[in-house]
Amino acid sequence: MVLLKPELLLLLSWVSLQAVAEICRGTHCYGAETGDPRPCTGAHCPGSRSSRPPRQFNPTTQGRAAQIVTSQHYAHQSFQRAASDAYPAGQPLRGRHGDSSSGTRRRAPEVYPAGCTDPDCAAPVKQFQPTNDTRECRGIECRLPLRIRPKARVKPCVGEGCLVGSEESVSSSTASQLPPLHLSDRAAMFLGDFPELGYPSPELGSAPLGVQLTCDIKPGENEVPSEDALILHLQLAKGQEKLVEAMKAQQVVIRDLQQKLADQQEALLSQQREILAQQQRMYEQMDVVKSQYGLLSDTIKQVSFQGLQGELQSYFESHMAGLQSQARSHLQKSYAVHKMDVDAKVMDVVGEAHFPQPLLGCPSPCGQEEFCDFQKDPPQCEKCTMCPPGFFLISQCSPNADRMCQDRDECLELPNICGERVKCLNTPGGFRCLGASEREAVMGLCGHGYFYNQELQECQACTECDGEPLAVSCTTISDAVCGQPSESRLSQSWAANVAVPPASTPGINIFPGLQLNIRGKEVTDLLSNEAGQVRFLQHGLVWLDHNFAIKHSCRNFLQVGMRLNGSQEEEGQELSGVRIEQPDGKYFQGVSVSSGVEVEPNHTFTLQLRSPNHHCNQSKDIHIYDVNTPSFSLLWLSHDTGAVAMTAQMSLLAHYQTSYRPTLRMTSVSDPYMIILTHDNRGVRFTESGVVKFVFQQALYSMGHTCVREGFSLIAYTNQNGTGQEAMQAFKTGVHYRDTSITLSGTVSVNSGDTISFEIQSPSQCNIRYFGDNTGISILSLIWIPSAVSSALSATVSRTGLPSGAVRNKPLLFQQISPDTPQVHLARSGEPNSRKNFIFHEKGIANIALNLKLIHSCNVVKLTLQQVGGQGGQAGPVAQQVSGHMPEGSQWASIGLRASFSVQNGTAVFVTLDCIRGRVNQITHEGGTNISILWVAV
C-alpha cells in the first residue's frame with residue numbers, strides 16, 4: 001500500500017540515480033577481490049553518506065508511507081563478474097537533492113580498464129546499459145500504456161558502448177548476482193498519465209517528477225514487486241482516502257443526529273413532568289369536588305327528610321279520622337282489618353292523592369299466639385314465632401304482626417366471657433371463642449346457660465322451657481329438652497310413601513332440583529309431616545332409608561338425595577346422594593339411599609331429585625314405579641341409648657383401574673371418644689363394643705366394555721386384632737362412559753378396638769374415576785349403638801332350594817352366618833318355615849338391609865319383605881323394591897332393599913322374589929348376596 005504525498009513525486013528522479021552507482025575506487029570496490037590496491041573514493045564507498053543502508057518499511061512507525069519499488073532487471077551473472085573485475089563502478093549522474101531539482105541529466109563517466117589511470121590509456125567504454133525488448137502483456141500490465149510496460153527480455157549489448165568480450169564472459173550462473181538497475185523515468189512517466197494527482201508529465205512541459213522508490217526486500221533476494229504493484233498501491237491509496245473522507249462525513253452526520261435525539265428526549269421529559277403536575281392538580285380538584293358533593297348530599301337529605309316528615313304528618317292527621325271510621329265498620333262486619341302501622345308495611349300511603357281501598361284480612365279471626373300474615377295471598381293465620389335461645393324480645397305478637405326478636409351480643413355484654421387473651425366473636429344465638437380448644441369448651445368454657453355445640457363449634461344458649469316440663473337438663477355439651485320425660489322410649493320407627501309432585505306446566509324440567517312429596521299416615525309426637533317434608537320434634541339420632549324405582553329418558557344421569565335443613569335459618573346439609581345412570585334403553589332402575597344423622601327439634605328433612613342439565617322434562621321423561629308398600633322409613637334413637645353418629649367423606653378425583661381403598665375425612669361425629677379414624681385414614685376404629693349400622697356410597701365414572709360385562713363389587717371388612725374378615729359385599733352392574741353410584745348398607749357387631757374399612761373391586765381393563773362433591777354422593781355414614789340395647793344378625797342365601805325359572809312370589813331361603821342372638825334368629829331345621837323366616841323374640845325396632853345378585857331375563861323383578869304378625873303385630877308386606885331387565889352385555893344384575901319397622905315378640909319376616917315376563921336363571925350365594933338385621937330395644 002502507498003500513500004501519495006507531494007514529497008514522493010520529488011523522489012521519482014532519485015530512482016534514476018539508483019540505476020548507475022558512483023564509481024568506487026579502492027580496496028572496498030567491486031574489484032577489490034582482484035587485488036586492486038587503489039583506494040575507494042566516492043559517495044557509495046563504505047563510510048560515505050550515500051552508502052548508508054536503505055530505510056526499511058515499518059507499518060507501526062510510518063503507517064502507510066510511500067515506498068515505491070520499481071521493477072528491476074538483472075543482467076547475466078557472468079557479465080556482472082566480468083564487469084566487476086575489469087571496471088569499477090561509475091559515479092552517479094546527479095545528486096539526491098540539489099541536482100534533482102535542476103532537471104538536467106548527467107552523462108555517465110567513462111570507465112577505464114584495469115591498469116589505466118587516464119583517458120589516454122584506453123578508449124572510453126560506456127557502462128553497460130541493458131535494454132528491454134517488448135513482450136506480450138499479462139494481467140494488469142495490459143491496462144498500462146505501451147511506453148511504461150515492463151520489458152521481459154534483455155538483449156546483449158552491441159556497439160561502441162559495450163564492453164569488449166562481454167558476450168563470452170556472461171553466463172547464466174552469475175545473472176542473479178547483478179545489482180538491480182533502476183529506471184529513472186518509468187515512475188515519472190507513469191505518474192504523468194494521472195492528471196488528478198496534480199503533477200503533469202514532462203512531455204507536457206512540466207518539470208521532471210522526483211519520486212523515491214524504496215525496495216523492501218533484503219539483499220540477495222530475487223523477488224521484487226513489479227510495476228503492477230505500484231499501480232495497485234496507487235489505486236488502493238486513492239480509494240482509502242475517499243473512504244476516510246466519507247467516514248468522517250458520516251461521523252459528523254451521526255453526531256448531529258445524536259445531538260438532535262438528546263434535545264428531543266429532553267423536551268419529552270419536560271412534557272411528561274408537566275403532565276404529571278397537571279394530573280396531580282386534577283386529583284386535588286377531584287378531592288375538593290367529592291368533599292363538596294358529600295356536603296351537598298347531606299344537606300339535601302336533611303332537607304328532604306324534614307319535608308317528607310312534614311308531609312307524612314299532615315297526611316296522617318287529615319286521614320286518621322276516616323281510617324278509624326272505616327276500621328270500625330269493617331270490625332262490625334266481622335272482617336279483620338289490619339292496624340295502620342308504618343312498620344307493618346301493609347300499604348304505601350306516601351304520595352297517594354286518595355286513601356286506598358280497604359284490604360281484606362284473614363277469612364277468620366286468628367287465635368291466641370297467632371297473627372294474620374298479609375304477605376301471603378290470600379292472607380292467612382300463622383303461629384307467632386318464639387324467640388330462640390340467645391335472642392331477646394323486642395315486640396310482642398299482635399293480631400297483625402309477628403313477634404320480633406333481637407340477637408343478644410354476649411361479647412359486648414360480657415367482655416371477658418372467653419378470657420383475657422381469647423377473642424370473642426358473636427354468632428346468632430351464641431358466641432365463639434377464637435382459638436379455644438374443644439377440651440376447654442367441654443370443661444365449661446361457655447359458662448352458665450350455654451352449652452358447646454360440637455357441630456357448629458361454638459357456644460349456644462340453652463333452651464328455656466317456659467312453663468313446660470323439663471325432660472333433659474342442659475349440660476356443657478348438650479342442650480336442654482322440654483316436654484314430658486320419655487324414659488321408657490329408646491327407639492321408634494316411622495314409614496311413609498314418596499311421590500313425584502305433579503308438574504305445574506307441561507314443559508317444566510327438574511333442574512336444579514325437585515322436592516319429592518313424603519306422605520305418611522301415622523301420627524306421632526316424634527315428628528310432623530307437612531307439605532311433603534318431615535319436621536322433627538325431638539332430639540336424637542335418626543337412620544333414614546329410601547327405596548326408589550324410576551324409569552327415565554333424560555340425557556344424563558339423575559341423582560336422588562337426602563337433605564336436612566337446620567333450625568334458626570341455618571344452612572342446610574346434604575346427607576346422602578345416589579346417582580341413577582342414563583340407561584341405554586327404557587327400563588326401571590331400583591336404587592336405595594340411606595343416611596344416619598343427629599337431629600334436633602325443628603330440623604326439616606326432604607328428599608330431592610336432581611338433574612345436571614335442563615334436558616329432563618318432569619312430565620315426559622320421568623316415570624316412578626308405584627309400589628304398594630311405604631318406600632321411605634326411619635329409625636329414631638334416643639340419646640339415652642348412648643348411640644353415636646359419624647359422617648365422613650371420601651377423597652375426590654381419584655383414578656384407579658383395579659382395587660380402590662378410599663381415604664376418609666371425618667366431617668362430623670357426636671362423640672369423638674367413641675369413634676376415631678385409623679392412622680392411614682382408611683378405616684374407622686371403635687373404642688367400645690357394640691353394633692354398627694353403616695352405609696357407604698361412592699359415585700364413579702367408568703370407561704370400558706369390561707366394566708359392563710363384569711361390573712363392580714363393594715366390600716366391607718372388619719379387622720379384629722390384625723385379622724381382616726369380609727363382613728358384607730354388594731354388586732353393581734357396570735356402565736360404559738356413564739356416571740353411576742355403588743352403595744352398600746349393613747349391620748355388623750364390633751368389639752373394642754375393631755375397625756371397619758372398605759374396598760371397591762373392578763375389572764383390570766376398566767378405567768374408573770372416583771369423585772364426589774358436597775351433595776353426599778361419596779360418603780360414609782354410620783351409627784354406633786351399645787350392645788346392651790341392640791343386636792345384629794347376618795345371613796346369605798342358601799346353596800340349595802333357591803327359586804329359578806318362572807318365579808312368581810317365591811320365598812328365598814337363607815343360611816345364617818353370624819351366631820344366634822337372644823333377640824332374633826333364623827328358623828332352623830325342624831322348625832316351621834326353616835331357613836325362610838327370621839323370628840324376633842323381643843319387642844323393638846328392626847332394620848333390614850338386603851342385597852341380591854342374580855341372572856335373569858325378567859322385564860321387572862320385585863323383591864318384597866313380608867311380615868308375619870306376632871303378639872299384636874300386623875301381617876303383610878313391609879317394604880318392596882323393583883328393578884328392570886339386565887343391562888345389555890352384563891353377566892350379573894343386582895337388586896337391594898332397606899327398611900325399618902317395629903317388631904313384637906314372635907314376629908317373623910321373610911323375603912319373596914317375583915319375576916314378571918321372564919325367567920330367573922341363577923342366584924348366587926356369595927359375592928354380592930347377603931342380608932343383615934339390626935334390632936334395637938324400645
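**Exercise 1. Which residue does a disulfide join to C418?**

*Worked solution.* Keep in mind that this is a predicted model.

Step 1: Find the partner. C418 is joined by a disulfide to C433, with an S to S distance of 1.9 Å.

Step 2: C418 sits in the loop between α9 (410–413) and β7 (423–427), while C433 belongs to strand β8 (residues 430–434), so the pair ties together parts that are 15 residues apart in sequence.

Step 3: Look at the cover. Buried means under 20% relative accessible area. C418 has 7% relative accessibility and therefore counts as buried; C433, at 9%, counts as buried too.

**Exercise 2. Find the disulfide of C366 and decide whether its two ends are buried or partly exposed.**

*Worked solution.* Step 1: C366 pairs with C381, and their sulfur atoms are 2.0 Å apart.

Step 1: The S-S torsion of C366 and C381 is about -90°, so this disulfide is left-handed.

Step 2: C366 is in the loop between α8 and β3 (370–373) and C381 is in strand β4 (residues 380–383), so the bond ties together parts that are 15 residues apart in sequence.

Step 3: With 25% relative accessibility, C366 counts as partly exposed. C381 is partly exposed as well, at 28%.

**Exercise 3. Describe the disulfide between C858 and C915, and say how many disulfides the whole structure has.**

*Worked solution.* Step 1: The sulfur atoms of C858 and C915 are 1.7 Å apart.

Step 1: Their link is left-handed, with -105° about the S-S bond.

Step 2: This pair links distant parts of the chain, 57 residues apart: C858 is in the loop between β41 (844–856) and β42 (860–868), and C915 is in strand β45 (residues 908–916).

Step 3: C858 and C915 are both buried.

Step 4: A search of the whole structure gives eleven disulfides.

**Exercise 4. What kind of aromatic pair do Y660 and Y770 form?**

*Worked solution.* Step 1: There are eight aromatic pairs in the structure. The one of Y660 and Y770 has its ring centres 4.2 Å apart and 20° between the planes.

Step 1: Planes under 30 degrees apart count as stacked, and the pair of Y660 and Y770 is stacked.

Step 2: Y660 is in the loop between β25 (654–656) and β26 (664–669), and Y770 is in strand β34 (residues 767–771), 110 residues apart. Both tyrosines, Y660 and Y770, are buried.

Step 3: Now visit T658, which is also in the loop between β25 and β26. T658 counts as partly exposed, at 44% relative accessibility. Its contacts beyond four places in sequence are I760, Q761, S762 and S764.

**Exercise 5. Which residues make a nonpolar surface patch of about 300 Å²?**

*Worked solution.* Step 1: The patch is made by M282, Y283 and M286.

Step 1: M286 is in helix α8 (residues 227–332) and counts as partly exposed, at 38% relative accessibility.

Step 2: Finish with the chain as a whole. It has eleven helices and 47 strands, and buried residues make up 43% of its 938 residues.

Conventions: Residues are numbered from 1 along each chain as its sequence is written. This is a predicted model: local features need pLDDT of at least 70, side-chain atom pairs count only at pLDDT 80 or more; totals for chains, interfaces and linings use all residues. Side-chain values use heavy atoms; hydrogens and water are left out. Patches are made of residues with over 30% relative accessible area and no salt bridge: like charges are joined within 9 Å, nonpolar side chains (Val, Leu, Ile, Met, Phe, Trp, Tyr) within 5 Å. Accessible areas come from the Shrake-Rupley method with a 1.4 Å probe; for residues, only the protein chains shown count as cover. A salt bridge is a side-chain nitrogen of Lys or Arg within 4 Å of a carboxyl oxygen of Asp or Glu. Helices (H or I, at least four residues) and strands (E, at least two) are DSSP runs, numbered from the N terminus. Buried means under 20% relative accessible area, exposed over 50%, partly exposed in between (1.4 Å probe, protein chains only). A disulfide is a pair of cysteine sulfur atoms within 2.5 Å. Rings of Phe, Tyr and Trp (its six-membered ring) pair if their centres lie within 6.5 Å; planes under 30 degrees apart count as stacked, over 60 as edge-to-face and the rest as tilted. Contact means heavy atoms within 4.5 Å.
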